Amino acid sequence: MASFRLPVALAGALGGRIQFGWAAKRIEQEQGIVRVYCSGSAGAHRTFTAERLVCAIRFSVLRDVELVPAFSAEKLRAIRELEHTSVVRTFIQYRRRPWTEWGWSTDLPIMHVLDAAPTQPQASGILEAYRVGPCARAASPLSEEERIARTVRGLSQFAPEVSSEAQRGTSYAWGLDPWARGAFAWFRPKQLTQWGRLLATREGRVHFAGDQTSPMPGWMEGSLLSGQRAAREILSGASGGAWRRGLRGA
Ligand SMILES: Cc1cc2nc3c(=O)[nH]c(=O)nc-3n(C[C@H](O)[C@H](O)[C@H](O)COP(=O)(O)OP(=O)(O)OC[C@H]3O[C@@H](n4cnc5c(N)ncnc54)[C@H](O)[C@@H]3O)c2cc1C
(Lines give C-alpha, C1' and ligand atoms only; values in the text may rest on other atoms or scores of the structure.)
Protein backbone atom coordinates (compact mmCIF):
# COMPACT_ATOMS: atom_id res chain seq x y z
CA MET A 1 0.00 0.00 0.00
CA ALA A 2 2.97 2.35 0.51
CA SER A 3 4.54 1.89 -2.89
CA PHE A 4 2.74 4.80 -4.56
CA ARG A 5 4.65 8.03 -4.68
CA LEU A 6 1.81 10.55 -4.34
CA PRO A 7 0.56 9.44 -0.90
CA VAL A 8 4.14 9.04 0.33
CA ALA A 9 4.93 12.60 -0.76
CA LEU A 10 1.76 13.95 0.89
CA ALA A 11 2.53 12.01 4.09
CA GLY A 12 6.02 13.49 4.18
CA ALA A 13 4.48 16.93 4.69
CA LEU A 14 2.55 15.67 7.74
CA GLY A 15 5.52 14.88 9.92
CA GLY A 16 5.21 11.12 10.31
CA ARG A 17 1.54 11.13 11.36
CA ILE A 18 0.56 8.91 8.43
CA GLN A 19 1.23 5.22 8.89
CA PHE A 20 1.23 2.90 5.91
CA GLY A 21 0.86 -0.85 5.76
CA TRP A 22 -2.14 -1.38 8.09
CA ALA A 23 -5.25 -2.91 6.56
CA ALA A 24 -8.53 -2.19 8.37
CA LYS A 25 -10.36 -5.42 9.15
CA ARG A 26 -12.95 -4.32 11.67
CA ILE A 27 -14.48 -0.94 12.57
CA GLU A 28 -16.09 -0.81 15.97
CA GLN A 29 -17.98 2.08 17.55
CA GLU A 30 -18.90 2.30 21.23
CA GLN A 31 -19.36 4.92 23.91
CA GLY A 32 -17.98 7.89 22.04
CA ILE A 33 -15.01 6.20 20.41
CA VAL A 34 -14.15 4.38 17.21
CA ARG A 35 -11.72 1.48 17.09
CA VAL A 36 -10.15 0.18 13.92
CA TYR A 37 -8.59 -3.25 14.11
CA CYS A 38 -5.88 -3.63 11.50
CA SER A 39 -3.54 -6.29 10.21
CA GLY A 40 -0.04 -5.61 8.97
CA SER A 41 2.78 -7.61 7.47
CA ALA A 42 4.06 -10.87 8.97
CA GLY A 43 0.86 -11.42 10.95
CA ALA A 44 1.15 -8.14 12.92
CA HIS A 45 -2.01 -6.60 14.40
CA ARG A 46 -2.72 -3.14 15.64
CA THR A 47 -5.71 -1.22 16.95
CA PHE A 48 -6.24 2.49 16.39
CA THR A 49 -8.66 4.36 18.66
CA ALA A 50 -10.10 7.83 18.00
CA GLU A 51 -13.12 10.04 18.59
CA ARG A 52 -13.88 10.10 14.85
CA LEU A 53 -12.91 8.06 11.82
CA VAL A 54 -12.73 9.20 8.20
CA CYS A 55 -13.17 6.06 6.15
CA ALA A 56 -11.75 6.52 2.62
CA ILE A 57 -11.67 2.82 1.71
CA ARG A 58 -13.33 1.96 -1.62
CA PHE A 59 -16.70 0.37 -1.11
CA SER A 60 -15.52 -2.61 -3.18
CA VAL A 61 -13.08 -3.35 -0.32
CA LEU A 62 -15.13 -1.93 2.56
CA ARG A 63 -17.80 -4.57 1.95
CA ASP A 64 -15.44 -7.13 3.51
CA VAL A 65 -14.56 -5.04 6.57
CA GLU A 66 -16.46 -6.08 9.69
CA LEU A 67 -18.68 -3.27 10.99
CA VAL A 68 -19.75 -3.31 14.63
CA PRO A 69 -22.46 -2.18 15.02
CA ALA A 70 -23.51 -2.57 11.38
CA PHE A 71 -24.11 0.58 9.34
CA SER A 72 -27.67 1.46 8.32
CA ALA A 73 -29.38 -0.98 5.95
CA GLU A 74 -29.43 1.59 3.09
CA LYS A 75 -25.72 2.30 3.45
CA LEU A 76 -24.86 -1.39 3.58
CA ARG A 77 -26.87 -1.98 0.43
CA ALA A 78 -25.04 0.77 -1.42
CA ILE A 79 -21.66 -0.49 -0.17
CA ARG A 80 -22.55 -3.99 -1.32
CA GLU A 81 -24.08 -3.12 -4.70
CA LEU A 82 -21.98 -0.22 -6.00
CA GLU A 83 -20.06 -1.61 -8.97
CA HIS A 84 -16.56 -0.73 -10.09
CA THR A 85 -15.43 -0.62 -13.68
CA SER A 86 -12.48 -2.63 -14.98
CA VAL A 87 -9.36 -1.07 -16.46
CA VAL A 88 -6.15 -2.71 -17.69
CA ARG A 89 -3.34 -0.45 -18.86
CA THR A 90 -0.37 -1.89 -20.73
CA PHE A 91 2.67 0.15 -21.73
CA ILE A 92 5.11 -0.86 -24.47
CA GLN A 93 8.41 0.89 -25.06
CA TYR A 94 9.56 1.22 -28.68
CA ARG A 95 13.03 1.98 -29.97
CA ARG A 96 11.71 5.01 -31.89
CA ARG A 97 8.52 7.06 -32.03
CA PRO A 98 7.36 7.74 -35.58
CA TRP A 99 3.84 8.67 -34.45
CA THR A 100 2.79 12.32 -34.27
CA GLU A 101 -0.62 12.09 -32.62
CA TRP A 102 -1.13 11.45 -28.88
CA GLY A 103 -4.23 9.23 -28.85
CA TRP A 104 -6.39 6.97 -31.00
CA SER A 105 -9.44 4.75 -30.49
CA THR A 106 -9.32 1.37 -32.20
CA ASP A 107 -11.83 -1.45 -32.62
CA LEU A 108 -9.19 -3.97 -31.55
CA PRO A 109 -9.18 -5.64 -28.10
CA ILE A 110 -6.38 -3.23 -27.10
CA MET A 111 -9.08 -0.50 -27.36
CA HIS A 112 -7.59 2.94 -26.81
CA VAL A 113 -3.98 3.71 -27.75
CA LEU A 114 -2.16 6.62 -26.18
CA ASP A 115 1.29 8.12 -26.42
CA ALA A 116 2.25 7.61 -22.77
CA ALA A 117 5.39 9.76 -22.82
CA PRO A 118 4.74 12.58 -25.29
CA THR A 119 7.08 15.09 -23.65
CA GLN A 120 10.08 12.81 -23.08
CA PRO A 121 13.11 13.99 -25.06
CA GLN A 122 14.53 10.51 -25.85
CA ALA A 123 14.34 8.92 -29.29
CA SER A 124 12.44 5.94 -27.84
CA GLY A 125 8.73 6.19 -27.11
CA ILE A 126 5.96 4.47 -25.14
CA LEU A 127 2.54 3.47 -26.43
CA GLU A 128 -0.18 2.56 -24.00
CA ALA A 129 -3.13 0.27 -24.61
CA TYR A 130 -5.99 1.36 -22.32
CA ARG A 131 -8.58 -1.39 -22.03
CA VAL A 132 -11.85 -0.79 -20.20
CA GLY A 133 -14.97 -2.83 -19.46
CA PRO A 134 -15.27 -6.26 -21.14
CA CYS A 135 -11.89 -5.97 -22.92
CA ALA A 136 -10.24 -5.24 -19.56
CA ARG A 137 -12.04 -8.13 -17.88
CA ALA A 138 -10.86 -10.45 -20.67
CA ALA A 139 -7.24 -9.31 -20.24
CA SER A 140 -7.17 -9.24 -16.41
CA PRO A 141 -6.80 -13.00 -15.77
CA LEU A 142 -3.86 -13.28 -18.17
CA SER A 143 -0.31 -13.16 -16.85
CA GLU A 144 1.45 -9.83 -17.23
CA GLU A 145 3.72 -11.39 -19.88
CA GLU A 146 0.71 -12.56 -21.89
CA ARG A 147 -0.97 -9.16 -21.63
CA ILE A 148 2.23 -7.54 -22.87
CA ALA A 149 2.55 -10.06 -25.71
CA ARG A 150 -1.08 -9.54 -26.82
CA THR A 151 -0.65 -5.79 -26.63
CA VAL A 152 2.48 -5.92 -28.79
CA ARG A 153 0.52 -7.99 -31.32
CA GLY A 154 -2.44 -5.60 -31.20
CA LEU A 155 -0.23 -2.54 -31.56
CA SER A 156 1.50 -4.24 -34.53
CA GLN A 157 -1.86 -4.27 -36.30
CA PHE A 158 -2.40 -0.68 -35.35
CA ALA A 159 1.12 0.59 -36.09
CA PRO A 160 2.94 -1.97 -38.31
CA GLU A 161 5.89 0.37 -38.85
CA VAL A 162 7.07 -0.19 -35.25
CA SER A 163 6.05 -3.82 -34.87
CA SER A 164 9.64 -5.12 -34.73
CA GLU A 165 10.87 -2.37 -32.42
CA ALA A 166 9.14 -3.18 -29.14
CA GLN A 167 11.69 -3.31 -26.32
CA ARG A 168 9.82 -4.04 -23.09
CA GLY A 169 6.48 -3.56 -21.41
CA THR A 170 4.53 -3.41 -18.18
CA SER A 171 0.86 -3.87 -17.37
CA TYR A 172 -1.53 -3.26 -14.48
CA ALA A 173 -5.04 -4.64 -13.90
CA TRP A 174 -7.00 -2.69 -11.28
CA GLY A 175 -9.49 -5.50 -10.86
CA LEU A 176 -6.71 -7.67 -9.41
CA ASP A 177 -5.55 -5.03 -6.93
CA PRO A 178 -6.85 -6.27 -3.55
CA TRP A 179 -7.03 -2.68 -2.22
CA ALA A 180 -9.06 -1.39 -5.18
CA ARG A 181 -10.96 -4.34 -6.72
CA GLY A 182 -11.75 -2.30 -9.79
CA ALA A 183 -10.73 0.98 -11.33
CA PHE A 184 -13.37 3.35 -10.00
CA ALA A 185 -17.02 3.38 -8.96
CA TRP A 186 -19.37 2.86 -11.89
CA PHE A 187 -22.88 4.04 -11.17
CA ARG A 188 -25.81 2.46 -12.98
CA PRO A 189 -28.49 4.87 -14.26
CA LYS A 190 -30.18 6.68 -11.37
CA GLN A 191 -27.82 5.22 -8.71
CA LEU A 192 -25.90 8.46 -8.33
CA THR A 193 -29.15 10.35 -7.81
CA GLN A 194 -30.46 7.67 -5.47
CA TRP A 195 -27.27 7.03 -3.48
CA GLY A 196 -25.07 10.11 -3.93
CA ARG A 197 -25.95 11.79 -0.66
CA LEU A 198 -26.32 8.48 1.17
CA LEU A 199 -22.78 7.36 0.29
CA ALA A 200 -21.41 10.49 1.96
CA THR A 201 -23.65 10.41 5.04
CA ARG A 202 -21.81 9.57 8.24
CA GLU A 203 -22.62 6.52 10.30
CA GLY A 204 -22.25 7.51 13.93
CA ARG A 205 -18.63 8.55 14.37
CA VAL A 206 -17.56 7.21 11.00
CA HIS A 207 -17.33 9.83 8.24
CA PHE A 208 -16.76 8.97 4.59
CA ALA A 209 -14.34 10.29 2.00
CA GLY A 210 -13.09 9.07 -1.35
CA ASP A 211 -14.17 9.98 -4.87
CA GLN A 212 -17.19 7.65 -4.70
CA THR A 213 -18.64 9.79 -1.89
CA SER A 214 -18.27 13.01 -3.89
CA PRO A 215 -20.27 14.59 -6.71
CA MET A 216 -17.29 13.75 -9.00
CA PRO A 217 -16.77 9.98 -8.70
CA GLY A 218 -13.82 8.62 -10.66
CA TRP A 219 -11.82 11.84 -10.41
CA MET A 220 -9.04 12.95 -8.10
CA GLU A 221 -10.82 16.24 -7.65
CA GLY A 222 -13.78 14.30 -6.27
CA SER A 223 -11.48 12.74 -3.66
CA LEU A 224 -10.16 16.13 -2.62
CA LEU A 225 -13.65 17.62 -2.41
CA SER A 226 -14.82 14.68 -0.31
CA GLY A 227 -11.88 15.11 2.07
CA GLN A 228 -12.78 18.77 2.56
CA ARG A 229 -16.41 17.83 3.12
CA ALA A 230 -15.50 15.18 5.71
CA ALA A 231 -13.26 17.67 7.54
CA ARG A 232 -16.08 20.23 7.56
CA GLU A 233 -18.48 17.63 8.93
CA ILE A 234 -16.18 16.84 11.83
CA LEU A 235 -15.52 20.49 12.61
CA SER A 236 -19.18 21.45 12.41
CA GLY A 237 -20.88 18.28 13.63
CA ALA A 238 -22.81 17.98 10.34
CA SER A 239 -23.90 14.61 8.94
CA GLY A 240 -22.73 14.57 5.33
CA GLY A 241 -25.79 16.34 3.97
CA ALA A 242 -23.48 18.95 2.43
CA TRP A 243 -22.64 16.46 -0.31
CA ARG A 244 -23.03 18.91 -3.19
CA ARG A 245 -21.57 21.95 -1.53
CA GLY A 246 -18.07 21.14 -2.76
CA LEU A 247 -19.23 21.76 -6.33
CA ARG A 248 -19.89 25.37 -5.52
CA GLY A 249 -16.69 25.62 -3.52
CA ALA A 250 -18.73 26.36 -0.42
C1 LIG B 1 -6.97 3.61 -14.58
C2 LIG B 1 -7.39 4.86 -13.88
C3 LIG B 1 -7.28 6.08 -14.52
C4 LIG B 1 -7.65 7.24 -13.87
N5 LIG B 1 -7.50 8.45 -14.51
C6 LIG B 1 -7.79 9.58 -13.85
C7 LIG B 1 -7.57 10.86 -14.45
O8 LIG B 1 -7.07 10.96 -15.58
N9 LIG B 1 -7.89 11.97 -13.75
C10 LIG B 1 -8.43 11.91 -12.49
O11 LIG B 1 -8.69 12.95 -11.88
N12 LIG B 1 -8.65 10.71 -11.89
C13 LIG B 1 -8.35 9.56 -12.53
N14 LIG B 1 -8.56 8.36 -11.94
C15 LIG B 1 -9.27 8.33 -10.66
C16 LIG B 1 -8.37 8.61 -9.48
O17 LIG B 1 -7.26 7.73 -9.48
C18 LIG B 1 -9.23 8.40 -8.23
O19 LIG B 1 -10.32 9.30 -8.29
C20 LIG B 1 -8.49 8.63 -6.94
O21 LIG B 1 -7.28 7.91 -6.87
C22 LIG B 1 -9.38 8.19 -5.82
O23 LIG B 1 -8.73 8.51 -4.63
P24 LIG B 1 -9.32 7.98 -3.28
O25 LIG B 1 -8.41 8.46 -2.20
O26 LIG B 1 -10.77 8.30 -3.22
O27 LIG B 1 -9.26 6.40 -3.43
P28 LIG B 1 -7.93 5.42 -3.60
O29 LIG B 1 -6.93 6.18 -4.37
O30 LIG B 1 -8.51 4.18 -4.11
O31 LIG B 1 -7.46 5.32 -2.10
C32 LIG B 1 -8.03 4.40 -1.23
C33 LIG B 1 -6.91 3.90 -0.33
O34 LIG B 1 -7.45 3.01 0.61
C35 LIG B 1 -6.50 1.98 0.80
N36 LIG B 1 -7.22 0.82 1.35
C37 LIG B 1 -8.02 -0.06 0.71
N38 LIG B 1 -8.47 -0.97 1.55
C39 LIG B 1 -7.97 -0.67 2.76
C40 LIG B 1 -8.09 -1.25 4.05
N41 LIG B 1 -8.86 -2.34 4.29
N42 LIG B 1 -7.42 -0.68 5.09
C43 LIG B 1 -6.65 0.41 4.89
N44 LIG B 1 -6.49 1.01 3.69
C45 LIG B 1 -7.15 0.47 2.65
C46 LIG B 1 -5.93 1.72 -0.58
O47 LIG B 1 -4.69 1.06 -0.49
C48 LIG B 1 -5.82 3.16 -1.09
O49 LIG B 1 -4.57 3.71 -0.77
C50 LIG B 1 -8.18 7.18 -12.57
C51 LIG B 1 -8.27 5.94 -11.90
C52 LIG B 1 -7.88 4.79 -12.55
C53 LIG B 1 -7.98 3.48 -11.83
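Mentor: W104 is partly exposed, with a relative accessible area of 22%, and F158 is also partly exposed, at 27%. (Buried is under 20% relative accessible area, exposed over 50%, partly exposed in between, using a 1.4 Å probe and protein chains only.) This is a predicted model, in which local features need pLDDT of at least 70 and side-chain atom pairs pLDDT 80 or more, while totals for chains, interfaces and linings use all residues. Residues are numbered from 1 along each chain as its sequence is written, and side-chain values use heavy atoms, leaving out hydrogens and water.

The structure holds five aromatic pairs. Y94 and W99 make an edge-to-face pair, because their ring centres are 6.1 Å apart and their planes stand at 80 degrees. (Rings of Phe, Tyr and Trp, the last by its six-membered ring, pair with centres within 6.5 Å; planes under 30 degrees apart are stacked, over 60 edge-to-face, the rest tilted.) Y94 and W99 are both buried. W104 and F158 also form an edge-to-face pair, with 5.3 Å from centre to centre and 65 degrees between the planes. W104 belongs to strand β8 (residues 103–105) and F158 to helix α5 (residues 144–158), so this pair ties together parts that are 54 residues apart in sequence. (Helices, H or I of at least four residues, and strands, E of at least two, are DSSP runs numbered from the N terminus.)

Elsewhere, F59, F71 and F208 form one aromatic cluster. The charged end of K75 sits over the ring of F208, 3.8 Å from the ring centre; the criterion is NZ of Lys or CZ of Arg within 6 Å of the centre and within 35 degrees of the ring normal.

Next, the ligand. It is surrounded by 21 residues, the closest being A24, R58, D211, M220 and S223, where a residue counts if one of its heavy atoms lies within 4 Å. β1 (23–30), β7 (87–94) and α7 (220–236) each supply at least two residues of this shell. A polar backbone atom of A24 is 2.8 Å from a nitrogen atom of the ligand. Taken alone, the ligand exposes 990 Å², and the protein buries 71% of that (Shrake-Rupley areas, 1.4 Å probe).

Last, the backbone. Most residues other than glycine have a negative phi, and most peptide bonds are trans. The bond from V68 to P69 is cis, with omega near -5 degrees, and P69 is placed in the loop between β5 (66–68) and α3 (73–81). Q31, not a glycine, has a positive phi of about 40 degrees. Q31 is found in the loop between β1 and β2 (33–39) and counts as exposed at 77% relative accessibility. A42, also not a glycine, has a positive phi of about 55 degrees. A42 lies in the loop between β2 and β3 (45–50) and is exposed, at 85% relative accessibility.

Technical notes. A polar contact is a pair of N or O atoms within 3.5 Å; within protein, one must be able to donate a hydrogen and the other to accept it, and residues adjacent in sequence count only if both atoms are side-chain atoms.
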